[in-house]
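Visitor: Please take one part of this model and look at it closely. Then place it in its wider setting.

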Amino acid sequence: MREKRRIRNVIYHVLVFSVGIIMIYPLIWMFMSSFKETKTIFQTAGNLIPNPFTIQNYINGLKGFAKVSFMTFFKNSLFISVVATVGTVISSAVVAYGFARFKFKGRNLLFAAMLLSMMLPAQVLMIPQYLWYQKLGWVGSYLPLIVPYFFAIQGFFVYLMTNFIDGIPRELDEAAKIDGCSYPQIFIRVILPLITPALVTGAIFSFMWRWDDFLSALLYVNKSALYPVSLALKLFCDPGSSSDYGAMFAMASLSILPSVLIFIFFQKYLVEGISTSGLKG
Amino acid sequence: MNLFKKAMSRESTAGIIFTLPFTVGFLLFMIVPMGISLYYSFCKYDILSPPVFTGLENFRTMFADETFYKSIKVTFFFAFVSVPLRLIFALLVAMLLLKTTKMTGFYRAAYYLPSIIGGSVAVAILWKRMFATDGVINKLLQAVGIDCKFSWLGDTKTAIWVLIILAVWQFGSSMLIFLSSLKQIPMSLYEAANVDGANGISKFFKITLPLLTPTIFFNLVMQMINGFLAFTQSYIITQGKPMNSTLFYTVYMYQQSFEFYNTGYGAALAWVMLAIIGLITLLLFATKKFWVYEGGL
């Protein structure tokens with residue numbers, strides 16, 4: 001009986017482990033290929049270990065194209081993602097506080113609008129927003145990539161934080177009120193410190209989504225010095241511009257590094273965010 | 001300033017002020033754009049010159065446009081194949097990972113990582129190279145003795161499957177949602193079933209699956225919508241090629257609006273897409289009472 005259980009255990013681990021390796025094999029392959037000599041990548045596609053090992057791809061890749069270094073693209077991405085994330089987190093927390101703690105006229109209607117905004121994805125809004133931003137004269141700048149996020153337009157984050165604030169006992173608010181705190185003071189001194197986990201979860205998802213965002217960059221950014229990484233990578237691999245696959249894999253590996261690091265260090269928050277609110281990773 | 005303080009001190013007005021950012025954002029970045037595009041969907045508009053009102057012309061063109069039908073067919077095929085496959089994988093793997101061992105953390109990470117980065121341009125580029133004629137897929141097939149120089153992305157039958165595999169590969173977040181619902185099923189139900197002599201398969205179909213149906217439903221609705229809206233991956237990997245066999249609706253809409261400069265037509269396409277998504281959601285909700293268990297525990 002014990003023997004049988006041990007065999008089953010081994011089969012379980014062999015199965016789950018090997019399927020797990022298949023799952024991440026493409027990523028490992030890309031990462032390893034980025035250290036191969038660029039002309040040997042496809043001849044040796046079956047081998048994982050680079051021989052000889054070289055970092056030349058990274059040097060070539062960072063040179064970028066059109067006289068813009070790839071570092072500039074990383075800086076642009078970082079700027080857009082950080083600013084938009086700060087906007088999303090602050091505005092979502094403020095709005096969530098309003099929804100969670102106050103009864104006011106039109107609250108239910110507004111809440112329904114918020115749920116609707118969760119169902120209205122970027123692709124449906126792509127052309128409508130383009131037409132509108134064009135009227136506003138925002139096309140060609142970072143404004144469409146940043147300003148909307150300061151208005152809590154991503155319902156997911158508002159929803160996540162509203163649920164979180166709902167879980168905080170109202171007695172804490174009451175006590176602060178008796179001590180003479182106004183509503184803004186209650187929000188800053190009582191609520192904000194208590195919802196830190198939700199803020200972190202929101203910030204992580206927002207940052208990763210902004211970092212990966214390709215569609216709005218494609219629509220609104222048209223100067224190569226302003227490209228974020230996603231758009232730069234796409235142009236890097238366009239036929240005609242370059243066939244330096246080594247450099248391409250090197251830059252692609254670098255571009256997913258922030259997400260991988262977040263994944264390694266904040267896994268707990270990611271898992272919680274997904275399992276509690278169904279956020280998509 | 002005094003007025004603001006006064007408004008902030010009353011519950012009814014303070015709530016309005018706190019939610020004001022969303023109210024403004026919703027109007028400014030969703031309602032107004034949708035309104036503008038509704039008007040433009042009745043216009044001939046090419047971005048460069050002013051719009052000309054043409055009534056229902058765009059919609060008439062659309063219903064006679066073969067590429068429009070083709071893109072709907074492709075998109076439906078993609079969504080109806082990739083979403084169920086992804087959910088089945090997610091559920092299977094979630095059940096395997098329910099058992100906690102020393103390796104569980106590593107396993108969960110390996111299965112979940114692809115969903116974290118799957119939407120990025122980097123992965124799209126990688127996928128394109130993997131399935132190229134000289135890519136790693138053919139090399140691995142050659143290594144096991146199958147002499148394959150097949151162009152997966154060049155064939156109208158296989159190209160769409162490359163995109164489907166990419167979508168199914170990202171089953172990690174659904175898996176996490178299933179894991180957390182599986183953990184909520186009380187052990188006592190299984191113990192009672194054991195007493196009655198039920199085997200593993202009947203326990204799965206009589207206990208696990210019915211209790212998971214609300215989660216499956218939620219996942220199905222969200223992912224059908226997302227499946228219908230897939231853009232980045234198909235735009236980068238195939239651009240709709242070959243012969244429009246991977247032309248997703250969103251990609252077609254993008255091409256019409258920003259490559260052929262039929263932006264008015266593109267706005268009409270966007271509205272039709274919204275109607276289609278609404279319809280799918282309604283249909284899914286209509287089926288809910290037939291298969292989703294809502295009795296609670």
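Guide: A residue is buried if 20 or more other C-beta atoms lie within 10 Å of its own, exposed if 12 or fewer, and partly exposed in between, with C-beta atoms placed from the backbone. S34(A) counts as buried because it has 25 C-beta neighbours inside 10 Å.

This is a predicted model: local features need pLDDT of at least 70, side-chain atom pairs count only at pLDDT 80 or more, and totals for chains, interfaces and linings use all residues. Residues are numbered from 1 along each chain as its sequence is written, while chains are lettered from A and ligands numbered from 1 in the order in which they are written.

S34(A) sits in the loop between α1 and α2 (56–62) of chain A. Helices (H or I, at least four residues) and strands (E, at least two) are DSSP runs, numbered from the N terminus. Beyond residues up to four places away in sequence, S34(A) touches N57(A), G246(A), F249(A), A250(A) and S253(A). Contact here requires C-beta atoms, placed from the backbone, to lie within 7 Å. S34(A) and A252(A) are 218 residues apart in sequence, yet their C-alpha atoms are 8.9 Å apart.

A nonpolar core is a set of buried Ala, Val, Leu, Ile, Met, Phe, Trp, Tyr and Cys residues joined through C-beta atoms within 7 Å. The largest one has 157 residues, and those with the most contacts inside it are V158(A), M161(A), L233(A), A252(A), I125(B) and M175(B). Helix α3(A) gives the most to this core, with 13 residues. V158(A) contacts S92(A), V95(A), A96(A), F99(A), M114(A), A152(A) and F22(B), leaving aside neighbours within four places in sequence.

I125(B) belongs to the buried residues of α7(B), with V121(B), A122(B), V123(B), A124(B), L126(B), W127(B), R129(B) and M130(B). Helix α7 (residues 121–130) of chain B is largely enclosed by the rest of the structure because 9 of its 10 residues are buried.

Next, the contact between the chains. Chain A supplies 66 residues and chain B 69 residues. Elements giving two or more residues on the chain A side include α1 (2–33), α3 (70–101) and α13 (245–265). That side divides into 45 nonpolar, 15 polar and 6 charged residues. Ala, Val, Leu, Ile, Met, Phe, Trp, Tyr, Cys and Pro count as nonpolar, Asp, Glu, Lys and Arg as charged, and the others, Gly among them, as polar.

Chain A has 14 helices and 0 strands. Of its 281 residues, 46% count as buried. Among contacts in chain A between residues at least 6 apart in sequence, 72% join residues at least 24 apart. Its C-alpha atoms fill a box of roughly 70 × 70 × 35 Å, taken along the principal axes.

Chain B has 15 helices and 2 strands. Its radius of gyration is 24 Å, well over the 19 Å that the rule gives for 297 residues, so chain B is more spread out than a compact globule. Of the 297 residues of chain B, 40% count as buried.

Technical notes: Two residues are in contact if their C-beta atoms, placed from the backbone, lie within 7 Å. The radius of gyration is taken over C-alpha atoms; the globule rule is 2.2 Å times the number of residues to the power 0.38.
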